[in-house]
Each structure stands twice: as C-alpha cells, then as structure tokens.
Amino acid sequence: MTQWLAEVGELPILLLMGALGLVMLFDAVPLLGVLIPGDVAILAAVGVGRPATGLATFTAVLIGCLAGWSLSFLVGRRYSERLRGSRVGGWIGEARWTAAEGLLRSGGGRMMMVAPFLPVFNALLPLAAGGLRMSYRRFLGCAALGAAAWAGLYLALGTASRSLAGLLPGESSPLLVTMGVGLALAAVVLLGTRRRLRAVTGASTH
C-alpha cells in the first residue's frame, strides 16, 4: 500500500486532481459511497506534500462532491419514488429514507452543510432533497458550503499531521503518518459533530 500511495503521489497535479475528483464523485453515490474512503483519499493527497497540492486537493474535493451530489439530486427529483420502491431502495432501507426526509424537513437546506460529516446520509440527503423538490439553487449553495467545510477540515488536519510527521524520529513515512494521525484527529472532531446530530437523526427514524 505504501508503494502504491507513493506512486499516486508522483502523479502530475492535474491527474491527481482528476483522480481525487472521481473518488469524491463516487463517494457521493448511495451504497457505493460506503465503500469509497473519501477521507483517506484527501489525507493521502495532502500527505504528498507538494506546494500546489493543498489548493488542488481542495478544488478537486469541492468539484467532485458537488458533481456527485448534483447527480444524486437530479436523480432524486426525477426518480425518487421509483428508486425508493426498487431493490436499491430496499438496500438503503426505508428507515434511512424517512430519516433523510425528516432531517431536510426540520433543517432545510442547512442540513446539506453537515451532510459530509454524516455517514450514509451524506449520499442519501441529496436524493431526498431532489425528491422533496428543494430549490436546486438553495441546495447547491448549502452543499458547496458543506463540501468546503469538509475539505477544509481534512486539509487542516492533514497539514498538521504532516508537520508532526516531520518532527518524529526515525524513518517513518510522512504519508502514512499524515493519514494515520489525520484519521485519528478527524475521528475526534467528527464524533462530536455526529453526537450533536444523533438526537435529530434518531427522532427522524422513528
């Protein structure tokens, strides 16, 4: 894995942005997003450590997230009921569909600002927003703020972790240390965010 990540780190910036953007796009797809380690991909990109990587990573994450969420929103607007009653809808679960709609009805477009920090719901909320006929302009504005906050958090944590890696003795890989420490710090931050929303999510599933 270390060798593979090192090879990824040697990619040209534009190619690295394209790959990261695709990861973010797939991360926004329900069910498939569960299998895509978006946070790991961001930290790996930051761990490369080149001067232009930070801005490129932020841009790729923002564009990839918005592209994926916009597609989900449009699918939800056109095929929400059909998809909900399909086999895919069954895999997602009626309780999660209901919870996503409850979150949007109670919090409106603002829930898209915290969507990136909610596992499963980060991909399901855009579908539900489309099905509820939310204004796309409002959806896109809130989604952009949420994606920017998520990308900014991981960039800050990744940069801090990489700086810490440079202070450690021995021949430890800065890339792996960045990913390991970054994920640990992110887990603490995200856990606090998710606990605040747990009551709302739990109420919506019942």
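Predicted model: local features only at pLDDT ≥ 70, side-chain atom pairs only at ≥ 80, totals over all residues.
Buried here means under 20% relative accessible area.

Let's start with helix H7. H7 covers residues 94-107, which is 14 residues. From the first C-alpha to the last, H7 reaches 20 Å. That is close to the 20 Å expected at 1.5 Å a residue.

Which residues of H7 are buried? They are Trp97, Ala99, Ala100, Glu101, Gly102, Leu103, Leu104 and Gly107. Note that Glu101 is among them. What follows H7? Gly108 does, and its phi is positive, near 65°.

Next, the aromatic rings. How many aromatic pairs does the structure hold? Three. I'll walk through two of these, both involving Phe73.

Take Phe73 with Tyr136. The ring centres are 5.3 Å apart. The planes sit at 50°, so this pair is tilted. To count as stacked, the planes would have to be under 30 degrees apart, and edge-to-face needs over 60. The two residues come from distant parts of the chain. Phe73 lies in helix H5, residues 53-84. Tyr136 lies in helix H10, residues 136-167. They are 63 residues apart.

Are these two buried or exposed? Phe73 is buried, because its relative accessible area is 1%, under the 20% cut-off. Tyr136 is partly exposed, at 33%.

Now Phe73 with Phe139. This pair is stacked. Centre to centre, the rings are 4.5 Å apart, with 25° between the planes. Again the link joins distant parts of the chain: Phe73 in H5, Phe139 in H10, 66 residues apart. Phe139 has 0% relative accessibility, so Phe139 counts as buried.

Ring pairs link Phe73, Tyr136 and Phe139 into a cluster.

Last topic, the cysteines. Cys65 is buried, because its relative accessible area is 2%. Cys142 is buried as well, with a relative accessible area of 10%.

To recap. H7 spans close to its expected 20 Å. Phe73, Tyr136 and Phe139 form a ring cluster.

Key
Residues numbered from 1 in each chain as written. Heavy atoms only, no water. Buried < 20%, exposed > 50% of the residue type's maximum accessible area, 1.4 Å probe, protein only. Helix = DSSP H or I, 4+ residues; strand = E, 2+ residues; numbered from the N terminus. Expected span 1.5 Å × (residues − 1). Phe/Tyr/Trp six-rings, centres within 6.5 Å; stacked < 30°, edge-to-face > 60°.
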